[in-house]
Amino acid sequence: MKKLENMLEHQLNEGQSVTYPDFESMWERIEHKNTTSFHARMSSGSQKQGRNWSKIALVSSFSLLLAAAPVYAAVHYNWDTMLREKGGIQAALAQNLGQKLDQSVIKDGVTLKLHTAIVDENRTVILFTLDVGQRQDSETWRVTEMTLKGAEGGNSSGEYNYLNWDEKNQIYNGYFESEWTPEKDTVNVQLVTNDIQAFSEQSLDLPLDIHSTETQSFPIGQEGMRSIEVKPFTQGQEKMLFSSAIIFDQPEAKEWAYPNIVGYKNGTLINSLPGGTFGTPGEKGEYTAQQYFKAEDVSGGQTTYKLQYMKKEKDVNGPLSFDLQLSKKQMESGTIKTSLNLPLEAGETDYTLENMVVSPTQIRVTVRSKDIDNGFPYKKYALEVAGKTLEGNLWRSPEGEPELTVLRFERPVDLEITKETPITFVAKYKVTQHGSYKITKNNDDKIPLLLTNISQKKQTIIQQLNGYPVKWTYYMQGSDLYVETGSEDARFGGINQTHIGLGKERILGKPLTVNFAGDGNNKAIDVYKDFKGTEATIYMFYYTTDDPDKETRVQIRL
Amino acid sequence: MQTNRELFEAYNKDVYRTCYYMVHDAADAEDLTQDVFITVFHTNRENVEHLKAWIMKITVNHCLNHLKRKRTLQQKISDNLYLFKKSPEIPVERLIEQRETTMEWAKYLSQLPVKLRMVITLRYMHDFSLAEVSDLLSIPLGTTKSRLHKGLKVLRRILLEAGVQIERKEGESYEKVGEYAGASVK
């Protein structure tokens, strides 16, 4: 037996041919995840990307940030690590198109230094560093409300900043990005930031019973939070939903506390699944959240729950401001503006690609919708340029023009574009909306569904919508009526919101889940508080259907 | 206290190797390693005395959860097929191939029931004492001892069937090994 033991020791240890992965890029992913997940939580409130015609804005900016978690090759630190998603900015820096700023402000031992500005026809980006002195490993810093101001510039739209901890140099690298761009070549503006703050992650035991469907209430008494109410739901076989609401005694703490529920199974952290929503204000101003967990992750074994939140540790009070003269002149030679007016789908007039601006850092495509109630109907969008595929991000609509959708595509470092370069716009995964919030005469497009014998007992009705079997489950809990909808067919996208009755008598269901078009989850829950009666005629505003294989391609000539 | 980066540099190989031998899949092991460090960084470690043991405990838990998730009845049966077969029918070419590559050790280990694999990996990869292994896995010392013993016996049989040479001491018969193997499935 000794022989075998020796063999094992030899085989399992160093020196044997285990091929190790690239630990350097793993480290970057870990760092990125650490910063991103925090930043996604931190910036969801202030960052306003997404579409301003819907309440979805908050969370779409969220998913935009979370969706970016890919592969990167850069090994060195400094800007490259931080700018891994910003190939266009890297390209501009490489070509020396950046404008040197070199200005700094010191307050309470913290130094904020602006290094370089990159200003072109599509956006303004300012690179900065934040030196916080002795930083604890548990500390996460952020810069609040960084914005461009001044007579000639700044409109606070689409502004956000991002910080990335540079372990090697013990400093934060950061960038500020705004969709604002100067009207003329050179303008005077101010970059202002409110506070610079440090946070630590804290947690509190949450003795949650997930087998009870009752609303469970726990005191918190930390970081301005008084108490939390959690209601678990089972969603199909595979998911659990925790719908929670936190009452804040100190409402401003909502800005930074970012509470969320995590599980621990046998000591191992179980994070909720992507797609949760945080911070939607409830009826009484409470902070509500919906988090999904994989049922098998939380079932069996010893699972305990904690409320994780950020505690404010330090606060460097601002405002801190910098006077800047920004110029986009250097970038002008590499900029091409083209008006397109091409249909998104051949033979259709519902959506038109209106124009395109190619700047040294980014490509921006504007799409016009005929109907402002229907957003851009595809989930994925890319540009194919000279053999490269550039994935796009959906941006907010310009102020007062909800019919426009702005798609932005980051330029990779080594991509040359001239007037002769062929470009193809490709959109995939179509999500079609059926119905809308608009009220038509006599509500003649509304399909009624009768819920009978409403009681504590769960009852189901299968409704056929466009060939999809949609399951409605309804039941009373306490004095509230719960209506759950969903379909086993994944191509059914989900019902956005229901209401009982029509016209003035109409009662709106309060969605417990935040329902997105094309998010792959077609299960929704509406609650009707203090519902009286045993029958109801129920309607919906709209539902969506998904066509993951649908693709449209548009050839573009600059 | 070590910084996150220092901790990562010091233990990334240990964590990865453990994951690799536990789950027998390079991509899964890489993902698990990443998750382990994210958990480590998110946890307050000020009062942790024995860092390596603590990190290995987190690693072990991640691997167990991963294996539990992956495990269907079918896998259970196919993983343990060797226990039901009298004489393994492995073609000669494959035997040679297997002997040639040390990577196959991950495969041999992956044929061990998880509980046994865990003990063997911790004991022989990281040289933890039996008491430390008990502590890490939260099992009594006696259980650790018997799992280690059982693990070695079963592994011995797996290796012999795969054609790997181990010097055999006199008096140990294959039948006895077979009994242990049978017992571990129950």
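Q: Two strands pair if DSSP finds at least two bridges between them; which residue in β2(A) is the bridge partner of S104(A)?
A: This is a predicted model, in which local features need pLDDT of at least 70 and side-chain atom pairs count only at pLDDT 80 or more, while totals for chains, interfaces and linings use all residues. Residues are numbered from 1 along each chain as its sequence is written, and chains are lettered from A and ligands numbered from 1 in the order in which they are written. Helices (H or I, at least four residues) and strands (E, at least two) are DSSP runs, numbered from the N terminus. In β2(A), S104(A) has as its bridge partner K113(A).

Q: Over how many bridges do β1(A) and β2(A) pair?
A: Strand β2 of chain A covers residues 110-119. Its pairing with β1(A) is antiparallel, and the number of bridges is 7.

Q: Which strands stand at the edges of the sheet in chain A?
A: The open sheet has 5 strands in the order β1-β2-β3-β7-β6, with antiparallel pairing. Two of these strands have a single partner each, so one side of each lacks a neighbour in the sheet. They are β1 (99-107) and β6 (160-166) of chain A.

Q: Which element gives the most residues to the side of chain A that touches chain B?
A: The contact (C-beta atoms, placed from the backbone, within 7 Å) takes 31 residues from chain A and 35 residues from chain B. On the side of chain A, α1 (2-12), α2 (23-43) and β13 (268-270) give two or more residues. With 8 residues, the element that gives the most is α1(A).

Q: What angle do the axes of α1(A) and α8(B) make where they cross?
A: Axes are lines fitted to C-alpha atoms, for helices over the stretch in contact, and angles run from 0 to 180 degrees between N-to-C directions. The axes of α1(A) and α8(B), residues 114-125, come within 9 Å and cross at roughly 80°. The two helices are therefore roughly perpendicular (65 to 115 degrees; under 35 is roughly parallel, over 145 roughly antiparallel, the rest oblique). Residues E5(A), L8(A), E9(A) and L12(A) meet I120(B), T121(B), Y124(B) and M125(B), at a crossing of roughly 80°.

Q: On which residue is the kink in α1(B) centred?
A: Helix α1 of chain B spans residues 4-23, and just after α1(B), H24(B) takes a positive phi of about 55°. The bend at a residue is the angle between axes fitted to the seven residues ending there and the seven starting there. The kink is about 55° and is centred on Y11(B).

Terms used:
Two strands pair if DSSP finds at least two bridges between them. Two residues are in contact if their C-beta atoms, placed from the backbone, lie within 7 Å.
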